[in-house]
Amino acid sequence: MSTSIHDDFSRTPVSSGNLRPWWYLLVIEIGVMISIPIFVFGGQLGLGLSFQDLVLSTFSGAAILGVIGALTARLGAVLRCTTALIARITFGSKGASCIAFVLTMGMTGWWGVQTEMFANAVLHLAQQVFNVNLNREVLIAVGGVAMITTAALGIRAIGRLSYLAVPLLTGGLVYALTSLAAPAQLSDLLQYRPALGTTLGFGAAAAMVTGGFVVGASMNPDYSRFARTTKHALAYSIIDYALVYPALLVACGAIAIHFRSNDIMIHLVPPGLTWLIFVMMMFATWAANDCNLYSSSLSLAAILPKWQRSHLAIAAGIVGIVLAELHVVDHMVSFLTLLGILIAPISGIFVINACCRKEPVQEVELEQVPNWRIPPLLAWICGAAVGFVATPRESLGLGLVQLTTVPTLDSIIAASIVMVMFLIVGRSKKAAIVVVLCLLSLSGLLSQAALAQAKSQAKSQAPVQTKALVRAFSTFWPPVVGRTYPEIELCDLTGKKVKLSSYAGRVILLEPIGMSCPACQAFVGGEKKGGINGVTPQGGTSSLESYLAAAGVSPADTRVVHVQLLLYGPNMGVPTLAEAQAWAKHFDFGRRSNEVLLVGDQRYINQHSYDMIPGMQLIDKNFVLVCDATGHNPRSSLFSELIPSVSKLLH
C-alpha cells in the first residue's frame, strides 16, 4: 500500500507533512468553478429571472450545497483519504471497485464533454473575432494533451495553474461588471424582467443551482484530505460553495442581462484586447477540467493498484479525447445525469457511516477491509433508485415523482435515510434484509405505476384525424440526427406564434441564423442584394435558391418548407421582431408561401445554438432530423450530402 508523493497519496492517507492551508484549497476550487459551463449557466439564470430573484435563488440553492460540501470536506479532512479510499472502508474492497468504476466513468465522461466544449468555443470565437477557421479535431487533441499534463503531475501543478487562472478570470469579470456601475445601467438591471415564456421559476432556479455542483461536492474528499485541520476544510468549502459559487453566478447573470446575451466571454476584455479572450478561455477550461481528470485518476488508482496515478491520468485523458473527437457532447448529457444520480448518494452514505469518527485512516485498516459491506451498498442502490424515479423522462429517468426537484439531492437524502436505518437496526443481517425488501418493493410499485401512467398517456394520445400526423414532440435542445426534431414555438414576421411541427408532413430545410454571420447573409441572397447591418456577405457563396435549383429542386416547390430560425440578432443578442422584419425586407425573404422566418428568444441563446451557425438541417416528412450540415465543422456536407438529399426525400 505504499505510495509516493508524486502519486499524490492515491492509495494511502495523506501524511502530515503534505497538508495545505484553507486558502490554497479555496483557490483550486474557485479555479474549478470559473469555467465556460458556469459562465453559460449563470447567463441562462440571469436571462430567465429578475435580478432580485436571481440573487435570492442562487444564494438559496448554494446554501444547501454549502451544507453538503461542508460535510464531505470535514470527512476528507478527518480520514485523510481520497473519495475512492473512503469508499474502500465503507463498501469493502470489491464493493469499492464498483463505486470507483462509476466515479471514473462520470469524471472521465465530463472531462471529455468539457474538452469538446472548449474546442467548439475556440472555433467560433476565432471565426467571429479574427475571421480565422481552425480545425476542431486538432484543437481537441492539443487542448486535451495540455490539460492531461497538469492532471498527471497532481495537486501541486493544479494549484499553480489555479493561481494563474483565478486572478485573470476574476479580473475579466470585474472589468465586465464595471459597465454596470452607471446609475442608468443599475436601474436597467434592477428593472429587468424576462420575456414571456422564458421565465424560470424561483424554486426551479434554486434547484438548478444546487444540482449544478452537487456531484463536485460529493467528490470533496479528493481535495479536503490535504486540509491542515477540519476547520480549514470547513472554511474553504463553505466559502467556496455558499459564497463564491452563487456570487459568480450572479455576476455572470448580471452581465448577461446587461448585454441581453449569455455569451459573456467576449465582454470580459477591452475591445482592443480580443486576443486575451483566448487566453482566458484556455485557463477557464484548463483549471476546471483538470480537477475532473485528477479525480478520475484517483478512482482508477483504487481499481488498478499496480499502475501509477499519473499514468492512469494520462490513460483516462486519452479516453476523454477520443470521446470528444467522436462528438459525444450531444449524447452524454442524459448519461452523465444518470451517473450523477449514482455518484451523489455516495456522499450521504460516507457522512452517515463516519459521522462519529475523529481519527485518520491507517494503512493497516485499508488492507484489512472485507470484500463486501452489504448495508452501505444496499443504501447506495436504494438512493440511486429514488433518484432514478425522480429524474425527468427526457433525462432517461422515470419522472414519476418530484421531491426536492433535484434528483441528485433526492438520491442523497434517500441513501442517507436508509443508511441511518441500517445503523439503528444494527448489524443484524435479517433486519437489513427486511429493510431492503421493503424499500425495493416500494421502488417496484413506483416503477409499475410509472409504466401504467405511460401506457395511459399513450392511449390518450391516439390520433383523431386519419390523415393528420400526430406525435408527442419533445423539447430537447440541440437537435440530434435520427431523432424527432425538438418542438419550437416562436413568433413569425407578423408576431403570430407558430409551431415548427405544423409543417410536419413536408420536407423542412431549417437554417439557423446569426444576423451578423457573413455566410448566413450569403445563403439568403447577399451576393446580389448586399449585406445588412454593416456585414459583408461571405464571398464565393451563392444563395440557397441557386444550390437547390442546381440539384433539380424548385425553390417554389411547396413540398419543401424553408425555415429561417433567427437565433442571434445583429449584436449577438436576442433578435427583435423589428430586426427580423428588416432582415426579411432587405433579402426579400418570405415572399413565397413556403418561406418562413421564426424569431428566436432567450431559450435559444446558448452554446448549442451558437455551434449551429452557419449551415442547414434537413428534416424529413416524419419530422425526424436526417441530415445536419450546421457549424464550421459540420457532421455532413451541405453541398454533397444535404442538398442532394432534398430531392431524394421528395421522390
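## Close-ups of a predicted model

**View 1. Arg 80 sits in the loop between α3 (51-79) and α4 (83-91).** Helices (H or I, at least four residues) and strands (E, at least two) are DSSP runs, numbered from the N terminus. This is a predicted model, where local features need pLDDT of at least 70 and side-chain atom pairs count only at pLDDT 80 or more, while totals for chains, interfaces and linings use all residues. Residues are numbered from 1 along each chain as its sequence is written, and side-chain values use heavy atoms, with hydrogens and water left out. Most residues other than glycine have a negative phi, and most peptide bonds are trans. Arg 80 counts as buried because its relative accessibility is 11%; buried means under 20% relative accessible area, exposed over 50%, and partly exposed in between (1.4 Å probe, protein chains only).

**View 2. Asp 588 also has a positive phi, of about 55 degrees, without being a glycine.** Look for Asp 588 in the loop between α21 (577-587) and β5 (595-599). With a relative accessible area of 35%, Asp 588 is partly exposed.

**View 3. Here's a cis peptide bond, running from Ile 613 to Pro 614.** Its omega is near -5 degrees. Pro 614 belongs to the loop between α22 and β6 (615-619).

**View 4. Phe 91 is one of the residues with the most contacts inside the largest nonpolar core.** A nonpolar core is a set of buried Ala, Val, Leu, Ile, Met, Phe, Trp, Tyr and Cys residues joined through side-chain atoms within 4.5 Å. This core has 130 residues, and Phe 39 and Tyr 245 are also among those with the most contacts. Helix α12 (residues 275-303) gives the core its largest share, 14 residues. Leaving aside neighbours within four places in sequence, Phe 91 is in contact (heavy atoms within 4.5 Å) with residues including Ile 346, Phe 350, Arg 373 and Trp 380. Ring pairs also join Phe 91, Phe 350 and Trp 380 into a cluster.

**View 5. Tyr 568 and Tyr 610 make an edge-to-face pair.** Rings of Phe, Tyr and Trp (its six-membered ring) pair if their centres lie within 6.5 Å; planes under 30 degrees apart count as stacked, over 60 as edge-to-face and the rest as tilted. The two tyrosines are 5.8 Å apart, centre to centre, with 80 degrees between the planes. Tyr 568 comes from strand β4 (residues 560-568) and Tyr 610 from helix α22 (residues 607-610), so the pair ties together parts that are 42 residues apart in sequence. Both Tyr 568 and Tyr 610 are buried.

**View 6. The second largest cavity has a volume of about 90 Å³.** On a 1 Å grid over the protein atoms alone, a cavity is a set of points where a 1.4 Å probe fits but cannot get out, and lining residues have an atom within 4 Å of a point. Grid points are joined across faces, edges and corners, and the volume is the space filled by probe spheres set on the points. Among the lining residues are Leu 544, Leu 548, Val 560, His 562 and Arg 592. Helix α20 (544-550) and strand β4 each supply at least two residues of this lining, and the largest share, 3 residues, comes from α20.

Key: On a 1 Å grid over the protein atoms alone, a cavity is a set of points where a 1.4 Å probe fits but cannot get out, and a pocket is an open set with protein on both sides within 12 Å along at least five of seven lines; lining residues have an atom within 4 Å of a point.
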